[in-house]
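Work through these exercises with the model open beside you. Try each task before reading its solution.

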Amino acid sequence: MSRIILFTGKGGVGKSSVAAAHAVKSASDGRKTLLVSTDMAHNIADIFEKTVGPEITRLADNLYGLELDPDRMMREEYPEMNRSIAAMFSQAGFTADKIGTDFIFPGFDDLFCLLKIKSLYESRDFERIMVDCAPTGETLSLLKLPELLAWYMERFFPVGKMMVRVLSPISRYRYHVNLPTSQGMDDIGRLHGHLMELQELLKNPQISSVRLVCTLEKMVVEETKRSYMYLNLYGYQVDGLFVNRLLPRQKENLFLRHWRQIQDKYMTEIGMVFYDLPIHSIPWMPEEIRGMEAVERMVDSIFTEEYAAHYADLSACTEHEIYEKTADGYLLRLQLPGIEDREKELQVLSHGPDLDLILGHMQRRIPLPDLLRAAAIKEVRCENGELGIYFSVEENPIPHE
Ligand SMILES: Nc1ncnc2c1ncn2[C@@H]1O[C@H](COP(=O)(O)OP(=O)(O)OP(=O)(O)O)[C@@H](O)[C@H]1O
Ligand SMILES: [Mg+2]
């Protein structure tokens, strides 16, 4: 079965390099592989030192590259949509004078890239699609966008569509509003349908998974924790963390020794947070990852026996933190085999924006969504190898930042 693997992480941590290494390995294993970049600042071309663009380009045996151009896709596939949405927003009083016909909504450009990935998956031309995503912040907003858009569409779309039919010819004259054209509405409806399917595809753990890439620096670790939490919250399957640019242990060189100690500190933190994820570290290479030879060096450092063991069955899925809505808040569920026998030893403590679980020598840190940070823990339940933490929340808006 074809697979989609998305690589995400903070800017500059090595997403493109790690994605490229995965693509090269997959192709050399005999699988027809496509490496797609959804980042506007593309770097597949730099890494492979070849020209790659918005058409699928052959990079090596079984290996193809594609750098998506969201503007072009939107113009070609949803020509009326942008104009229509802009018109609706301007009529609602949103900086009407600033919204021109070429305006792209924030987050929408990345979304068009993901829609393209859906159609590439459906074409069944490739066994593996490796996606080099835009830096974390944008990717996250894009992953949750389908749900927010669905929420919005379910409430407004049926009325909107009817209004277009009934009112459009007279609306401008009588009500001084610009309703979307019927064609524009069809584009919006089509986009909505595709987004729902996209969400289903990206959330299907048999098909799609997300791999996080980070380096051992404070801000990077913090952002990676947050993105892991949000990916879990929105039900995406995260199946690996790649810790890039690990420094060598050097006794003699004081400078390197000092930095490696700092890295070790963050490695410990990472071990507590990404407790249930396979963690792979990649050494700091003596040169940049440019050209096939350099990518192959990275392949050798990633695809160890340990790695092969983790991903022997690519379709195996593990469940991490699961958030469920309850009548008065949320339930956080965690798989912890044998927890019921050690319930008395378990401590659940708040630690700033995180939640610490302490059980004997085990300490696990779970970054909480903003919504739950101030929430009271109502109950902790240990049953059938599962820990359930019940939070009560006064109001329940849609969870978003
Ligand atoms: N393990 C490594 N050792 C040495 N250099 C590395 C390593 N990993 C990545 N690099 C180099 O670091 C730079 C950033 O890597 P890369 O472009 O893969 O990151 P990115 O996360 O895709 O960045 P961006 O957010 O800008 O797209 C590149 O010059 C790359 O060659
Ligand atoms: Mg990149």
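Strands here are DSSP runs of E, at least two residues long, and are numbered from the N terminus. The model is predicted.

**Exercise 1. Locate Asn 62 and decide whether Asn 62 is buried or exposed.**

Step 1. Find the place in the chain. Asn 62 sits in the loop between strand 3 (57–60) and strand 4 (63–67).

Step 2. Count neighbours. Asn 62 has 20 other C-beta atoms within 10 Å. The cut-off for buried is 20 or more, so Asn 62 is buried.

Step 3. Check the backbone. Phi of Asn 62 is near 65°, a positive value in a residue other than glycine. Most residues other than glycine have a negative phi.

**Exercise 2. Describe the partners and faces of strand 15.**

Step 1. Pair the strands. Strand 15 (residues 386–392) pairs antiparallel with strand 10 (residues 329–335) over seven bridges. Strand 14 (residues 376–383) also pairs with strand 15 in the antiparallel sense, over seven bridges.

Step 2. Gln 335 stands opposite Glu 386. Cys 382 stands opposite Leu 387.

Step 3. Look at the turn. Strands 14 and 15 make a hairpin with two residues between them. Asn 384, in that turn, has a positive phi of about 45°.

Step 4. Sort the faces. In a regular strand, side chains alternate between the two faces of the sheet. The covered face of strand 15 carries Leu 387, Ile 389 and Phe 391. Glu 386, Gly 388, Tyr 390 and Ser 392 are on the uncovered face.

**Exercise 3. Which residues have the most contacts inside the largest nonpolar core?**

Step 1. Take the core. The largest one has 65 residues, and Ile 117, Ile 129 and Val 131 have the most contacts inside it.

Step 2. Find the main contributor. Helix 5 (residues 108–123) gives the most to this core, eight residues.

Step 3. Zoom in on Ile 129. Leaving out residues up to four places away in sequence, Ile 129 touches Ile 4, Leu 34, Val 36, Ile 117, Leu 120 and Tyr 121.

**Exercise 4. Which residues come nearest to ligand 1, and what makes up its shell?**

Step 1. Pick the nearest. Of the 20 residues around ligand 1, these are Lys 15, Ser 16, Ser 17, Met 285 and Glu 288.

Step 2. Trace the elements. Helix 1 (15–28) and strand 7 (238–246) each supply at least two shell residues. The largest share, three residues, comes from helix 1.

Step 3. Sort by type. The shell holds seven nonpolar, eight polar and five charged residues.

**Exercise 5. Where is the pLDDT below 50?**

Step 1. Start with the average. The protein averages a pLDDT of 80, and 74% of the residues score at least 70.

Step 2. Find the stretch. Residues 96–104 have a pLDDT below 50. Beyond near neighbours in sequence, this stretch has twelve contacts in the model.

Key
Residues numbered from 1 in each chain as written. Chains lettered and ligands numbered in written order. Buried ≥ 20, exposed ≤ 12 C-beta atoms within 10 Å, placed from the backbone. Helix = DSSP H or I, 4+ residues; strand = E, 2+ residues; numbered from the N terminus. Pairing = 2+ DSSP bridges. Core = buried A, V, L, I, M, F, W, Y, C linked by C-beta atoms within 7 Å. Contact = placed C-beta atoms within 7 Å. Near = placed C-beta within 6 Å. Nonpolar A, V, L, I, M, F, W, Y, C, P; charged D, E, K, R; others polar. pLDDT = per-residue confidence, 0-100.
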